[in-house]
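Hi everyone, thanks for making time this morning. Let me put it on the screen.

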Amino acid sequence: MNSLLNVILTTDFAFSVLRVTTPILFAALGALISNRAGIINIGMEGIMLVSALAGVIVSSYSGSAWVGLLGAVLAGTLIAGILAFFTLQFKTHIILGGVAINMFASGGTVFLLYLLSGDKGSSTSLPSKVLPSIDIPVLKNIPVLGPILSGHHILTYLSIVAVFVVYYLLNRTPLGLRIRSVGENPHAAQSVGVSVVKIQYMALLLSGFFAGLGGAYMSMGYLSLFTRDMVAGRGWIAIAAESMGRSTTVGTALTSLLFGAADALSNALQVLKIPAELIATLPYVATVIGLVIYAVSETRKKNRKVKSPVVK
Amino acid sequence: MQTALLEMRGITKVYPNGVVANKDVHFSLRAGEIHAIAGENGAGKSTLMKIIFGMEEPSEGEIFIKGEKVRLQSPQDAIDRGIGMVHQHFMLVPSFTVAENMVLGMEPRRGVGINYAEAVRMTEETARKYNLAVNPKAKVEDLTVGMKQKVEILKALLRGAKILILDEPTAVLTPQETEELFRELTQLKEQGHTIVFISHKLKEVKAICDRITIMRSGRSEGVFQTADVTEQEISRLMVGRDVVLKYDKETAPDGGPVLTVEQLNVNDQQGKALLTDISFAVHGGQIVGIAGVEGNGQTQLIEALTGGLTGVSSSGAVKVKGKDILNSSLLDIRQQGVAYIPEDRMRQGAAGEASISDNLISTRYRSKEMNRGLFLNGSKIAALAASLVEEFKVRCSGPAQQIGMLSGGNMQKVVVARECSTGPDLLIAEQPTRGVDIGAAQFIHKKLLELRQAGSAVLLVSADLNEILEISDVLLVMYEGQIVASFEKPSAVSEEELGLYMLGIKRQNERQTGEATEHV
């Protein structure tokens, strides 16, 4: 038990929580936007994977990590656009579309990787670039807080900024108001001339944009290369975080952090004598427990809503 | 004579499924009037309004606004031309504030964000201008129905509506709220607005409308100055049959009470009464018909009989062969020997994607004779399906055909076959011939009469005057959740008289209704 506390109560651990939360947080924010528009994008996992590879390829061919980031984000938005095109234009079921994206991404990225590098497992032979980490002046010298908050990857900071941006977008802008109205009562939106399809397009593209940022972080920050299926369920965890966060921006950010902590814990515990396989399940167990708690509280809330008027 | 603000000439609307909703309708609206459109459900009022609001395009006919010919292809077109609609089901986002709902789609901006202060100010200004008090910062989900309606009216006014269409606005309101609405509408009229008021409540029409257009079976029956016509005349024009069907009915022996309803009361969550003191009985060998304009409690009555009441409070008793079934599940109720033909065959009556034979056994696949061990008994099911398809003359390629491919009449025959062939003690038939061709309707009527002959009790709820007057042995009329009249020889009742009761102009006193229901 002591050794466990020794692992957790360190600035290194706190630092790593933020580090592993980043991709989950990006994808969860993306899932949040599309969900609020009433269209659940379960292709997050695949979009992240494609973006991760796109970042590696574009950065290695352009020689610039920033151009690579742009490529990753564009790839994510494009894949989301394809999903939107099929679901909104041709009325493909969004779940089937999302499954197709995920399967396509898993196989397609390996195929493309093999074509370009001759390797089916990782992109070691590609000279891809990595985005920088930043030391924050003043803050880095403060004890405890400094080592935890300073020196992170630039996208980690961006993900925190993104929480505020998404909050503002959803709650304070005309687009956000329309996204929420389309998700809650599409007929109401339509009756005042808001195009439901157009808004859902925007929402899906935005979800692809954020998943793209998450993907870019995976191969240009978290690791410095692409490996097959490197997203490893983070897209799914993000969707779980979004729904456990009750589709609010703050809730989504906090549950993302919770899942990030579980993820970091599983990394940290590997130094202890617990089977690695067992530890590796931690984030997923946390996801399941989280979803169960969420479902139970939702059901209770609903029951209360139905019952209370009759009691009166 | 002034030129019409809005005029519709020769409007015909045929839906893709062949239903003719409007036929050569003429409608003209003068500036500054309150114009009622009255008619029974299915008379084509809603379709006509959807055409005015750009939600449907007419198959034929022309629309003129201030003498200029227009095409309205979307609600936005209609809004741009100053037409606003208050839908029966409110088009509001519950979790938004009043102000947010008001400005949705036309949000005032400050930089990239919404200027909420401006939204609140716009709401307050519009509310003050038209004297409709609302709290801009309240959440819509916390508002009463009457308040929500106010927000809807304000939404249309904020978008510059000069013509306001209200689709049965009083259907969801309490009497006090209705009065308030009328005051508001009169004020709007004084400020130069023109209002189209869709309703089948004649008292309300008489109370606030200047002119009235009456519709029946998709046609317009004429336009009148409200002051010049009596409620009786309106009722006669609204309620009527186009063709009279006659059936030879043998007398069936009285099998004693099968269904008894005692002092049934149902209130909704807001405490509004949906059913008040409903008592009647249906005996074996008897068809009891329930007539009434839709929305007068028939739906709730059927729900109470079939285990479908949700989110309401109920009291009283509903007994089938002496056993109380109020609040039982439909499965339990069916096991008491009750069969049920639901109103909506597409959503409730049949599973559209499944085969005819699957639909035929959907109420009895649990029974022993349909099973063989763990599996369904395929050959028995096939034989049963084949014989029912034959007996009920279902026109199809065979029992394996998908039911959704059949015409409405044939689909309904399958539903009727399923419900009649189990030899029920009680059959509840809800609009059993709605939207089916006359041949299928007559066939279904004959089957109901056969069932009666065999000693079953039949409760028939229908808006079709032909069937309700001709095949019922006892006729009850519902109005505003109460039984207002009861007749023992329905075929002798004239349509005019029935219309007076259905529209709430006349009602029998308690002794009369009680007498007839006691006889049954």
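Keep in mind as we go that this is a predicted model. I'll start with the second largest cavity, whose lining by class has 1 nonpolar, 4 polar and 3 charged residues. Which residues are they?

The largest cavity holds about 120 Å³ of space. Its lining has 13 residues, and those nearest the centre are A:Ser191, B:Phe53, B:Ile79, B:Met85 and B:Ala156. In chain B, strand S6 (83-86) and helix H5 (145-158) each give at least two residues to that lining. By class, the largest cavity is lined by 7 nonpolar, 3 polar and 3 charged residues.

Now for a pocket. The second largest pocket contains about 660 Å³ of space. Of the 24 residues lining this pocket, A:Arg36, A:Arg246, A:Thr248, B:Ser95 and B:Lys139 lie nearest its centre. What does the lining look like by class? There are 12 charged residues, with 7 polar and 5 nonpolar. Four helices of chain A each supply at least two lining residues: H7 (154-172), H8 (174-184), H12 (249-268) and H14 (282-311). Of these, H14(A) brings the largest share, 5 residues.

On to the sheets, both in chain B. For orientation, the unreviewed UniProt entry lists "domain: ABC transporter" at residues 6-242 and 259-505 of chain B. Over residues 259-505, the chain is 33% helix and 27% strand, with the end C-alpha atoms 29 Å apart.

One open sheet of chain B has 4 strands in the order S2-S1-S4-S5, paired antiparallel. At its edges are S2 (20-29) and S5 (68-70) of chain B, each pairing on one side only. On average, and ignoring direction, neighbouring strands here are turned by 25 degrees against each other. If you zoom in on S5(B), you'll see 3 bridges joining it antiparallel to S4 (residues 60-65) of chain B, and B:Ile63 has B:Val70 in S5(B) as its bridge partner. Lying across S1 (6-14), S2 and S4 of chain B is helix H1 (residues 45-52), which runs at about 120 degrees to S1(B).

The other open sheet, also with 4 strands and antiparallel pairing, has the order S14-S13-S16-S17 in chain B.

Let's finish on the hairpin. S13 (residues 257-267) and S14 (residues 273-283) of chain B pair antiparallel over 7 bridges, with B:Leu259 opposite B:Val282 in S14(B). The hairpin has 5 residues between the strands, and B:Gly271 takes a positive phi near 90 degrees.

Note on methods: Residues are numbered from 1 along each chain as its sequence is written. Chains are lettered from A and ligands numbered from 1 in the order in which they are written. This is a predicted model: local features need pLDDT of at least 70, side-chain atom pairs count only at pLDDT 80 or more; totals for chains, interfaces and linings use all residues. Side-chain values use heavy atoms; hydrogens and water are left out. UniProt positions are given in the numbering used here, feature names are shortened, and annotations may be inferred rather than shown by experiment. Two strands pair if DSSP finds at least two bridges between them. On a 1 Å grid over the protein atoms alone, a cavity is a set of points where a 1.4 Å probe fits but cannot get out, and a pocket is an open set with protein on both sides within 12 Å along at least five of seven lines; lining residues have an atom within 4 Å of a point. Grid points are joined across faces, edges and corners, and a volume is the space filled by probe spheres set on the points. Ala, Val, Leu, Ile, Met, Phe, Trp, Tyr, Cys and Pro count as nonpolar, Asp, Glu, Lys and Arg as charged, and the others, Gly among them, as polar. Axes are lines fitted to C-alpha atoms, for helices over the stretch in contact, and angles run from 0 to 180 degrees between N-to-C directions. Contact means heavy atoms within 4.5 Å.
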